[in-house]
Amino acid sequence: MQFINNVLGIKDPIHKQKIALKAMDVVLFGPPKDNVTHLKDLVLITLLLGTLIGFWYAYNQNKSSSQHLKRMMRDMESLQKAETALEDLQKELEKAKQEQEYVTTEKANLEKQLQEQQIKDENSLILKSSYSDLEKISQLKNEVEMLRNELARAEGELDDRCWTPPHGLQQWLQLTHEIENKSYIKKKLSAEKQLQQAREACEKLRKKRSSLVGAFVSTHGKSIDDVDRSIVEARTSLNEVTQELAERVHRWKQIETLCGFNIINNNGLSHLENILYRNVANGRNFSLRGRMSSQDDLEDDSSQYSVCVGPGKGRDDESIG
C-alpha cells in the first residue's frame, strides 16, 4: 500500500480497490488470455473514413453553394443595373414622346395657320379675279360634269356587260317563243284560208262572167264588191303575218344577242312544258288546256270561214240559176 501511495501516487481508495481486485484476479486466475480481435479496429477505421468523407462532402457542398450564391449575387447586381437602365430609357422615351407631342402640336398649329392664310389668300384672289377667270372656272366645272357623266355611262355599260342571266330564264324564253310561234302559225293558217277563199271566189266570178247572163247579173250585183273586199282582207292579213314574222325574228335575235344563249333553236313546246311545269301542281293539265283552247279557237275560226263562204256560194248559185 505504501508502494501505491508513495511510489505510484494513487491516493484514491476506489482506485486502490480496483488495483487490488485486479491483482487478486491475476493471482487466482492467472494472466489474461490474448484474445485480440481486429473487428473493432475495422469498425473504428470505417467510421473514421466515413466521418472524413462526410466532412469532405459537406466542405465541397458549402464551397459550391457559396460560389452559386456569389454568382447569383452578381446576376442580381446585373439585373439591378439593367432595371435601372430600363427605367432611364423609359424616362428618356417619355421625354422624347412629350417633345414629339409638342412638335406635333406646333406643326398642327402652323398648318392651321397656313391653311387659314391660304384661305385668306384664296378669298382675296377670288375677290380680285376677273370675269375671264370666272368663265374659265365655269368651263372647268362643265368639263368635270361631262367627265362625270361619261364615267357614269361607262360604269353603266360595264355593269350591263357584267350582267349574267338568271338560271331558268333560257327555258322560259324558249317557251314564250314557242307560244308566239304557235299563235303565228294560227294567224298564218287563217290568212292562207282567207287567200284561198278569195282565189276561189275570184275563180267563180270569172266563170260567171264568161256567160252572158252571169256577166249581166254580176255587173249589177254585189258579188264583185264582196270578192274585192275578200281579196283586200286576205292581202292585209298576209301582210300583217309577214310583218309580224319579221318583227318576231328581229326581236328574238336581239334577245339572243343580249342574253348570250339560244332561244329560237330549242327542243320543242312539249319538251319545254314537261320541264317547266313538272314541279307545278296540275301543270300538265294547264298545258293541255292551253292546247285545247288553241284547237277550239282554230275550229271556231274554220267554222266562221265556212259560214262566210256558205252565203257566197248561195249567192253565186242563185246568180247562176
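Biologist: Which residues does Arg-248 touch, not counting those up to four places away in sequence?
Modeller: Arg-248 touches His-177, Glu-180, Asn-181 and Tyr-184, where a contact means heavy atoms within 4.5 Å. Before going on: this is a predicted model, in which local features need pLDDT of at least 70 and side-chain atom pairs count only at pLDDT 80 or more, while totals for chains, interfaces and linings use all residues. Residues are numbered from 1 along each chain as its sequence is written, and side-chain values use heavy atoms, with hydrogens and water left out.

Biologist: OK. Where does Arg-248 lie?
Modeller: In helix α7, which covers residues 223–259. Helices (H or I, at least four residues) and strands (E, at least two) are DSSP runs, numbered from the N terminus.

Biologist: And is Arg-248 buried or exposed?
Modeller: Arg-248 is buried, because its relative accessibility is 4%. Buried means under 20% relative accessible area, exposed over 50% and partly exposed in between, with a 1.4 Å probe and protein chains only.

Biologist: What does the side chain of Arg-248 meet in a salt bridge?
Modeller: The side chain of Glu-180, at 3.7 Å from N to O. Glu-180 belongs to helix α5 and Arg-248 to helix α7, so this pair ties together parts that are 68 residues apart in sequence. A salt bridge here is a side-chain nitrogen of Lys or Arg within 4 Å of a carboxyl oxygen of Asp or Glu.

Biologist: Why would two side chains like that pair?
Modeller: Side chains of opposite charge can pair when their charged atoms come close.

Biologist: How does Glu-180 count, buried or partly exposed?
Modeller: Partly exposed, because Glu-180 has 25% relative accessibility.

Biologist: Which other residue forms a salt bridge with Glu-180?
Modeller: Arg-251, with the closest N and O atoms 3.3 Å apart. That pair links distant parts of the chain, with Glu-180 in helix α5 and Arg-251 in helix α7, 71 residues apart. Arg-251 counts as partly exposed at 27% relative accessibility.

Biologist: Which residue forms a salt bridge with Glu-244?
Modeller: Lys-187, where the closest N and O atoms are 3.6 Å apart. Glu-244 is in helix α7 and Lys-187 in helix α5, so that pair also links distant parts of the chain, 57 residues apart. Glu-244 is partly exposed with a relative accessible area of 22%, and Lys-187 is partly exposed at 41%.

Biologist: Which residues do salt bridges with shared partners join into one network?
Modeller: Glu-180, Glu-247, Arg-248 and Arg-251.

Biologist: How many salt bridges does the count come to?
Modeller: The count comes to 4.

Biologist: Staying with helix α5, where does Lys-188 lie?
Modeller: Lys-188 lies in helix α5, residues 169–209. Lys-188 is partly exposed, at 36% relative accessible area. The C-alpha atoms of Lys-188 and Thr-242 are separated by 8.7 Å, and the two residues are 54 apart along the chain.

Biologist: Surface next. Which residues form a negative patch?
Modeller: Glu-83, Glu-87, Asp-88 and Glu-92. Glu-92 lies in helix α3, residues 39–128. Patches use residues with over 30% relative accessible area and no salt bridge, joining like charges within 9 Å and nonpolar side chains (Val, Leu, Ile, Met, Phe, Trp, Tyr) within 5 Å. Lys and Arg count as positive, Asp and Glu as negative, and His and the chain ends are not counted; each charge is placed at NZ of Lys, CZ of Arg, CG of Asp or CD of Glu.

Biologist: Which residues make the nonpolar surface patch?
Modeller: Ile-45, Leu-48, Leu-49, Leu-52 and Ile-53 make a patch of about 510 Å², with areas from the Shrake-Rupley method and a 1.4 Å probe, only the protein chains shown counting as cover for residues. Ile-53 is found in helix α3 and is exposed, with a relative accessible area of 55%.

Biologist: Overall, how many helices and strands are in the secondary structure?
Modeller: There are 9 helices and 0 strands.
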